[in-house]
Amino acid sequence: RDFCLSRGLGDVYKRQVVVPEKLGGKDVVAIHNAFRENENVKTVKLPSSVTAIERGVFSGCTSLTEITIPSSVTYIESETFSGCTSLSKITIPSSVTNIGKEAFAGTKWLSDKQKANPYVVINGILIDVSKAGTNLNIPATVKEISCDIPKNVVSVTLPSSITSIGDGAFSGCTSLEIIEIPETVESMGISCFSGTKWLENNLVDGKYLIVNNILYDTQNLNDEVVIPDGVRKVITRFPTSIHSISFPASVEEIIHVDFSLDYHQANLYEILVDSDNKNYSSYDGCLYSKDKKTLYWCPTLKEKVSVYPETTQIAYNAFSYCDKLESIDIKKTTHLEEGTFFGCSELTTITVPDNFEGMQGIAFDGCDKFTTIKLSGNSGKDVIYKGCLYNKDKTKLIMVPVAKTCLLYTSPSPR
């Protein structure tokens, strides 16, 4: 596997640091928490193996003066260089296509950029407009807004070049009434216009914010939610009070569906999909791919779930906080993603196919009552020994119930 650097390199008092391209024979592909609040480091050289600089990695490095980001990097996360007050020289390659909020907040580099132009744009990404006033005219070079817009803004003009607006970009701009969203916009983040007058004035039926046939926000919903026909994409949060959601035939993509408060408090018990939908379907109140090979989402209030017999994949977090679910048969699914059954506090029993292969990460976090594994099928590839799941010859331990101490199998000693 590749290597993520998550600890400092060498002496914390070093002023010049060179990050190696390999550690232990593995490529260093990400930097995570390695330099945070190191007040001594002055320069850092990153290797060409690095593809991501994670959140807050260099935050608080008050002596850092310059850094060159290699062309292998595509993403600079939020607050990466926040509080690097001496940082005045940054080389950012064209390969960087995503920059998180406040990635350069408090740096001399950002201050110099603001003096030259109040609209700070890097590789088509708008990262700061804090000095641009209350009537914004976003430059034509901008493709993505990745910063919080000042709360006192009154009007905004967006160029036809823009395709994406980040999470909460205009949230809390209480005086914002005038903004035209170009047809080129294909993505707006969660709560993008929360608390604005513009949002109040643009809700369809007083309930839905729909822009370019994409559902982004919901307000004043009843127990049963019926997504309007014509919506082709859903990127939104729903209140925890709703009991059912119906998706029309027009929906092509459900990118992100979340609850505005807490999964654990959610009251959803049924998901329905129009039978003419080309990408999604529903079965036993759960959301599936059209062919039902993949189960995407199980409502949190369901006590019993009948997984479709031909299902072979269960999506990440599909059963998160289904805290009334006591048992489940995953049918033909041979692999589980991390967090699949996160928070299923009443789950005691899972039935898996006897050719089950394993799990990615922790699939049963919070399943403290999980004690029993059962097998279905007749391939003979897996066996249960002392309550734990093994491959046939017991050379590989595949699954251990959370609430069970597993006695590991030991091969008999040769006579």
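This is a predicted model: local features need pLDDT of at least 70, side-chain atom pairs count only at pLDDT 80 or more; totals for chains, interfaces and linings use all residues.
Local features need pLDDT of at least 70, and side-chain atom pairs count only at pLDDT 80 or more, while totals for chains, interfaces and linings use all residues. Residues are numbered from 1 along each chain as its sequence is written, and side-chain values use heavy atoms, with hydrogens and water left out.

**View 1. Phe58 and Phe81 form a stacked pair.** The structure holds 14 aromatic pairs. Rings of Phe, Tyr and Trp (its six-membered ring) pair if their centres lie within 6.5 Å; planes under 30 degrees apart count as stacked, over 60 as edge-to-face and the rest as tilted. The centres of Phe58 and Phe81 are 5.2 Å apart and the planes lie at 5°, so this pair is stacked. Phe58 sits in the loop between strands E6 (52–53) and E7 (66–68), and Phe81 in the loop between strands E8 (75–76) and E9 (89–91), so the pair ties together parts that are 23 residues apart in sequence. Helices (H or I, at least four residues) and strands (E, at least two) are DSSP runs, numbered from the N terminus. Both Phe58 and Phe81 are buried. Buried means under 20% relative accessible area, exposed over 50%, partly exposed in between (1.4 Å probe, protein chains only). Ring pairs link Phe35, Phe58, Phe81, Phe104 and Trp109 into a cluster.

**View 2. Helix H1 (residues 108–116) has buried residues.** They are Trp109, Leu110 and Gln114. Seen down the helix axis, they fall within an arc of 135°, so they line one face of H1. The arc is that of the directions from the helix axis to the C-beta atoms. The face turned away from the buried side carries exposed Lys115 and Ala116.

**View 3. Strands E28 (residues 286–289) and E29 (residues 294–297) pair in the antiparallel sense.** Two strands pair if DSSP finds at least two bridges between them. Tyr288 stands opposite Leu295 in E29. The hairpin has 4 residues between the strands, and here Lys292 takes a positive phi near 65°. E29 also pairs with strand E30 (residues 313–314), in the parallel sense. Thr294 stands opposite Gln313 in E30.

**View 4. Asp354 lies in the loop between strands E33 (349–353) and E34 (358–359).** Asp354 is buried, with a relative accessible area of 7%. The C-alpha atoms of Asp354 and Asn391 are separated by 8.8 Å. Those two residues are 37 residues apart along the chain.
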